[in-house]
Amino acid sequence: MDDKKTGSYYTPLDIVEFMVHFLVLQGQTFQCTLEPSAGDGRFLPALLSQEDCHIDAVELFEDKVQDMSSRINSSKVRYLTADFLDYVDACECRYQLIIGNPPYINLKNMGKSAIEKGKSLFEAEGINTAVMQNLWGAFLVGAVKLLKQGGTIFYVLPMEFLQVQYAEKLRLYLEGKFNHIKIFTFETDVFSDIEQKTCLVYLSNRENAVPYIEYYCYHSPKDCTPFKVSRIEINKPLKKWSNAVLNDEDIELLKVCAADCIKMNQLGPCAPGIVTGGNKYFIVNQTFVTEHQAQNCVLPILQKSSFIKQNTIFFNDILFQTLQNQDVPVFLLNLSQCDDIPQKVLEYLERVGEEKTNQVKLKERHKCSRRTPWYGVPIVNYGDVFFFKRSDRLPHLYINEKQIHTTDAGYHIRLMETYDAASVVFCFYNSLTLALCEFNGRYYGGGVLELTPSEFKDLALPYTKIEQSDVEVLDRMFREKRPILDIVSYVNERTLATRLESDVIERLNIIRQTLMKRRLSI
Ligand SMILES: C[S@@+](CC[C@H](N)C(=O)[O-])C[C@H]1O[C@@H](n2cnc3c(N)ncnc32)[C@H](O)[C@@H]1O
């Protein structure tokens with residue numbers, strides 16, 4: 001059976017041991033326990049070894065239930081072959097502990113009826129149904145519904161739950177329901193056979209207790225003590241639980257320092273670049289331009305930061321020329337106002353307009369069909385500086401000397417006269433702004449950082465006018481691939497150091513490194 005469709009990735013036994021051991025330390029009782037997606041029953045032995053235990057073990061597939069019940073034959077376990085989402089509706093019992101590793105099945109692999117059941121669970125709890133993007137989400141909400149007052153949920157969940165935007169409302173809902181939230185992460189890859197990183201999420205409610213989110217970092221589930229613990233009490237609700245890797249003082253420091261700076265969107269109009277409706281068709285290379293005699297109807301454009309191989313803070317003619325010579329697609333067909341489109345380009349458009357992707361012709365795609373002519377890409381002006389929403393090790397802001405456009409994968413600022421592009425870009429590479437990039441944004445597999453337009457606009461910048469010679473030194477440091485720490489220290493000296501004590505700057509730098517290490521697992 002396809003693992004992606006059944007979400008059958010079994011929990012390593014050392015994680016099971018870790019979870020049960022932790023519950024014992026918390027004084028957890030086990031008389032009324034539910035395992036909602038029991039699989040091969042690997043949570044059961046560890047639970048059964050606890051005194052006074054009773055477990056209801058739910059599993060969708062009959063063959064798995066048969067296999068499990070024949071191997072683990074105990075009067076303390078009641079086996080149920082059921083869809084957990086139906087079980088939530090039918091079950092009258094309320095549990096003291098719900099523990100397990102729910103199936104990770106995303107919307108596109110879920111059946112229609114599972115989607116409907118999941119969404120109706122969300123609806124009943126007053127959570128927008130658009131938040132239900134994965135079966136684990138429904139298993140979380142279902143578990144909340146089946147929990148006794150004061151009960152505990154302890155789940156293995158994908159790391160993305162802590163920070164993806166679509167799950168923000170779910171996290172908010174859980175913060176409203178539980179006052180003790182604990183997150184456990186492990187440096188070692190605990191699920192070596194799946195690409196997804198996972199964490200453990202413990203949700204519990206104590207009477208009259210101060211609400212908090214605690215974040216524990218362990219090297220491995222075999223360790224008895226974490227190498228780092230942090231706690232958030234004040235900065236709740238916390239938009240991204242992954243940011244609980246900082247503590248309240250760190251977050252307060254970020255907020256206080258940011259309040260003293262200018263925001264990106266105060267430097268001038270700030271916006272994403274051009275939406276083409278089909279980059280592959282509307283952004284072409286030098287060979288195309290020459291062959292189609294399209295020189296008079298193209299604009300320079302950059303699609304993504306990975307095209308810029310050179311380490312620099314200037315995007316200038318030389319860099320553009322390099323990309324052009326390498327035949328990288330850097331020309332946008334700008335045809336909306338063009339009265340004299342070359343014949344060869346017209347022939348090209350006629351051909352590609354009919355090309356289908358997922359049964360839809362290019363010219364009938366949502367974006368193309370709503371504009372006249374369908375190939376007339378609306379032009380958004382370029383900015384004085386630009387940034388790409390995705391970045392690898394270090395987020396980059398460039399000085400746009402070439403006056404190049406970007407696609408909407410890039411955000412630009414058209415600076416007001418009081419600010420100059422070189423100073424803005426120079427000042428960007430300080431510990432505070434870089435820490436805020438990590439704090440505001442989210443990361444995906446492989447550690448790619450992403451910021452939405454509003455997260456970018458909200459970044460704080462310790463702007464100050466910078467000498468041209470200092471800007472050149474910084475560019476040289478980039479070209480020489482100097483360590484990030486050197487670059488950041490150099491910028492800090494000319495920016496933060498004029499307004500903050502050195503120990504505060506050092507703390508900001510530690511915060512930046514903590515957040516960056518968490519993302520890149522370094
Ligand atoms: C990630 S595995 C976890 C198994 C086991 N609890 C563990 O931790 O190793 C998820 C299990 O959920 C089962 N499952 C999938 N959809 C389900 C559903 N709607 N209701 C109950 N179980 C389901 C799968 O068959 C699979 O055994």
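Let's start at one cysteine: C437 touches P395, L449, L451 and L459, leaving aside residues up to four places away in sequence. Touching here is a contact, meaning that the C-beta atoms of two residues, placed from the backbone, lie within 7 Å. C437 sits in helix α16, residues 431–440. Helices (H or I, at least four residues) and strands (E, at least two) are DSSP runs, numbered from the N terminus. Is C437 buried or exposed? C437 counts as buried because 23 other C-beta atoms lie within 10 Å. The cut-offs are 20 or more other C-beta atoms within 10 Å of a residue's own for buried, 12 or fewer for exposed, and partly exposed in between, with C-beta atoms placed from the backbone. Along the chain, R512 is 75 residues away from C437, yet their C-alpha atoms are separated by 9.0 Å.

A quick word on the model. It is a predicted one, where local features need pLDDT of at least 70 and side-chain atom pairs count only at pLDDT 80 or more, while totals for chains, interfaces and linings use all residues. Residue numbers run from 1 along each chain as its sequence is written.

Now zoom out. The protein chain has 20 helices and 25 strands, and its C-alpha atoms fill a box of roughly 80 × 60 × 35 Å along the principal axes. Of its 522 residues, 42% count as buried. Take the contacts with a separation of 6 or more: 72% of them are between residues 24 or more positions apart.

Next, the sheets. Five strands make an open sheet in the order β11-β22-β18-β20-β14, and the pairing is mixed. Two strands pair if DSSP finds at least two bridges between them. At the edges stand β11 (270–272) and β14 (314–315), each pairing on one side only.

Look at β18, residues 385–388. Four bridges tie β18 to β22 (residues 410–413) in the antiparallel sense, and three bridges join β18 to β20, also antiparallel.

A second open sheet has three strands in the order β19-β24-β23, with antiparallel pairing. Because β19 (390–391) and β23 (442–443) each have a single partner strand, one side of each is left without a neighbour in the sheet. Two bridges join β19 to β24 (residues 449–450), and R390 stands opposite E450 there.

Finally, the ligand. Which residues come nearest to it? Of the 22 around it, they are Y10, T11, S37, G39 and N101, where near means a C-beta atom, placed from the backbone, within 6 Å. β2 (55–59) and α5 (84–90) are the elements that give two or more residues to this shell.
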